[in-house]
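With the structure open in your viewer, please follow the selections below in order, beginning with a pair of helices and ending with the question of confidence.

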Amino acid sequence: MKAFWNKYKKLLIGLAAALILAGGWLLLWHRVGTQVEHAAYRSAFESLVYDGAYYKECTLETVQDYVPEAKAVGEALCGTALGSLQFPSESGTVTCPLYACKALEDAGKEKAIVLLKKEEEYLAYELSGFQYLDGEPSVWAVCASYGIGKAADIESLTLADADGNVQETITDADAVSDFYDKFIKLGECLTDEELSQAYLDAYTAEFGDDGKMQIQNGKLEATDQEAFDAAAAYWHRDVLSVTIRLRNGLMMRDCLYAPTPGIFAVYGNYKLTEPFFELKKT
């Protein structure tokens, strides 16, 4: 046995090292694989579709935008059972109960927030859109989907700058009515080529027809980086993020007001015919 060991010592040590190394790699890949599976499982819960509407997972802070008194995302927020949804998992399909938000139900408001029970955990979701508005809807279709039929349906407008800093919250009835009158006149969604043309027109008005911006196959393209940087800075001048809060409990977040190219973006991009806002100077 000793002679065998001496003769094959290097080979046996090498084999042992290889086995240890292989075992380490197997453990590593098992751990990585498990982490990937867990991440994929968790990502399946980042959004959901219920009753023709899109919902996006949100935090307690977002829930408190609708229910200021909420202390935690949990069973206490759950109202009417809405059924159940199925999600893929490592062990197969899991079924999770879905609930309306009790506080919103009691206030007679829409399903802006729903709650999902995932095992023993509750997840909150905010309404983010409607399936039937996919594509290029008119602004009238958007209004109908959100229950906007008159200016009084809008509770407030919150304006924030490009960095997310709130500039103003508009609640004055006359100001809200003025916004509504201009909003419903936006009409049909612009095509990609019409949107490109709006940006090109704004560029030409500022920099002249220098040939550095052109529409190719319906898309706006710059001939050099310097021209693009200058154009982007100009187009984004005075851009605002607009959140429209409705009295029925819904919110339309992150609408984009870009007065320089004359665009208002909500589900699609719409051409402004007149300015919506005049920011107060501080």
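For the first stop, take an axis to be a line fitted to C-alpha atoms, for helices over the stretch in contact, with angles running from 0 to 180 degrees between N-to-C directions. In this predicted model, select helix H6 (residues 192–207) together with helix H7 (residues 225–235), which pack at an angle of about 100° with their axes 10 Å apart. Because angles of 65 to 115 degrees count as roughly perpendicular, H6 is described as roughly perpendicular to H7.

Next, show the side chains where the two helices meet: Tyr 199, Ala 202, Tyr 203, Glu 206 and Phe 207 in H6 face Ala 227, Ala 230, Ala 231, Tyr 234 and Trp 235 in H7. The residues of this contact divide into 9 nonpolar, no polar and 1 charged.

Move on to the largest pocket, which holds about 310 Å³ of space. Select Leu 127, Ser 128, Met 252, Arg 253 and Asp 254, which are the closest to its centre of the 15 residues that line it. Strand S2 (53–58), strand S6 (121–130) and strand S12 (251–258) each give two or more residues to the lining, and S12 supplies the largest share, 5 residues. By class, the lining has 8 nonpolar, 2 polar and 5 charged residues.

Finally, colour the model by pLDDT, whose mean for the protein is 84, with 83% of residues reaching 70 or more. Residues 1–9 lie below 50 and have 3 contacts beyond near neighbours in sequence, while residues 11–41 stay under 50 and have 11 contacts beyond four places in sequence. Where pLDDT is low, the predicted coordinates should not be read in detail.

Conventions:
Residues are numbered from 1 along each chain as its sequence is written. This is a predicted model: local features need pLDDT of at least 70, side-chain atom pairs count only at pLDDT 80 or more; totals for chains, interfaces and linings use all residues. Side-chain values use heavy atoms; hydrogens and water are left out. Helices (H or I, at least four residues) and strands (E, at least two) are DSSP runs, numbered from the N terminus. Angles under 35 degrees count as roughly parallel, over 145 as roughly antiparallel, 65 to 115 as roughly perpendicular and the rest as oblique. Contact means heavy atoms within 4.5 Å. Ala, Val, Leu, Ile, Met, Phe, Trp, Tyr, Cys and Pro count as nonpolar, Asp, Glu, Lys and Arg as charged, and the others, Gly among them, as polar. On a 1 Å grid over the protein atoms alone, a cavity is a set of points where a 1.4 Å probe fits but cannot get out, and a pocket is an open set with protein on both sides within 12 Å along at least five of seven lines; lining residues have an atom within 4 Å of a point. Grid points are joined across faces, edges and corners, and a volume is the space filled by probe spheres set on the points. pLDDT is the predictor's confidence in each residue, from 0 to 100.
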